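Please look through the sequence and the model below before reading on. The paragraphs after them take up charged pairs, then pockets, then a few single residues.

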Amino acid sequence: MDLTTPALLFPAISLLLLAYTNRFLTLAQVIRQLHASPGHGSGVVMRQIPGLKRRIQLIQYMQSFGVLSFLLCALSMLALFLHGEAAGQVLFGASIIALAVSLVLSLVEVLISTNALSIVVEDLERTGKS
């Protein structure tokens, strides 16, 4: 393995961290809008609160594992630069694992997000039938 192998992950991890930041900012905006709305104590909003809390935690962990992956990838490059082939490979493997954990957490967050949308759609259907 040479120095360019872990370097290939740099742009991918950077874009992933940007996507996670966008998800966080969007979620923060939704929460602030819910808080500012006059009906923030309604049943629909109250049913979404546990999911919102869980999503905040998941995004925090997603970002943490993404940053860890980035850091491990950089350390892998440093080890390879200093001719530490074994250390570079271990660090690169750890970087890939941290990235995989981050992606799994991202999938879980997306599933929770779609569940929140289902709650809103159910309320729209119920309101439309009334």
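A search of the whole structure finds 4 salt bridges. A salt bridge here is a side-chain nitrogen of Lys or Arg within 4 Å of a carboxyl oxygen of Asp or Glu. Side chains of opposite charge can pair when their charged atoms come close. The model is a predicted one, in which local features need pLDDT of at least 70 and side-chain atom pairs count only at pLDDT 80 or more, while totals for chains, interfaces and linings use all residues. Residues are numbered from 1 along each chain as its sequence is written, and side-chain values use heavy atoms, with hydrogens and water left out.

One of the salt bridges joins Glu109 to Arg23, with 2.6 Å between the closest N and O atoms. This pair links distant parts of the chain, since Glu109 sits in helix α4 (residues 85-129) and Arg23 in helix α2 (residues 9-36), 86 residues apart. Helices are DSSP runs of H or I with at least four residues, numbered from the N terminus. Which residue forms a salt bridge with Glu109 at a closest N and O distance of 2.7 Å? That residue is Arg55. Again the pair links distant parts of the chain: Arg55 belongs to helix α3 and Glu109 to helix α4, 54 residues apart. Taken together, Arg23, Arg55 and Glu109 are linked in a network of salt bridges.

How open to the surroundings are these residues? The terms used are buried (under 20% relative accessible area), exposed (over 50%) and partly exposed (in between), with a 1.4 Å probe and protein chains only. Glu109 is buried, with a relative accessible area of 0%. Arg55 is buried as well, whereas Arg23 counts as partly exposed at 28%.

Another salt bridge lies within a single helix. Asp123 pairs with Arg126, the closest N and O atoms being 3.3 Å apart. Both residues are in helix α4, 3 residues apart, which is about one turn of the helix. Asp123 is partly exposed at 22% relative accessible area, and Arg126 is partly exposed at 45%.

Next come the pockets. Rolling a probe the size of a water molecule over the atoms shows where empty space is left. On a 1 Å grid over the protein atoms alone, a pocket is an open set of points where a 1.4 Å probe fits, with protein on both sides within 12 Å along at least five of seven lines; lining residues have an atom within 4 Å of a point. Grid points are joined across faces, edges and corners, and a volume is the space filled by probe spheres set on the points.

The largest pocket has a volume of about 270 Å³. Its lining consists of 14 residues, and those nearest its centre are Val30, Arg55, Ser113, Ala116 and Leu117. Helices α2, α3 and α4 each supply at least two residues of this lining. By class, the lining has 9 nonpolar, 3 polar and 2 charged residues. In this count Ala, Val, Leu, Ile, Met, Phe, Trp, Tyr, Cys and Pro are nonpolar, Asp, Glu, Lys and Arg are charged, and the others, Gly among them, are polar.

The second largest pocket holds about 160 Å³ of space. Its lining residues include His35, His40, Ile49 and Lys53. Helix α3 gives the most to this lining, with 5 residues. The classes here are 6 nonpolar, 2 polar and 1 charged.

Helix α3 spans residues 43-81, which makes 39 residues, and reaches 58 Å from its first C-alpha to its last. That is close to the 57 Å expected at 1.5 Å a residue, where the expected span is 1.5 Å times one less than the number of residues. What lies at Ile49 in α3? A kink of about 35° is found there, shortly before the proline Pro50. The bend is the angle between axes fitted to the seven residues ending at a residue and the seven starting there. Pro50 is exposed, with a relative accessible area of 52%.

Just after α3 comes His83, with a positive phi of about 65°, although His83 is not a glycine. His83 is found in the loop between α3 and α4, and is exposed at 73% relative accessible area. Further on, Gly93 lies in helix α4 and counts as partly exposed at 28% relative accessibility. The C-alpha atoms of Gly93 and Ser76 are separated by 8.9 Å, and the two residues are 17 apart along the chain.
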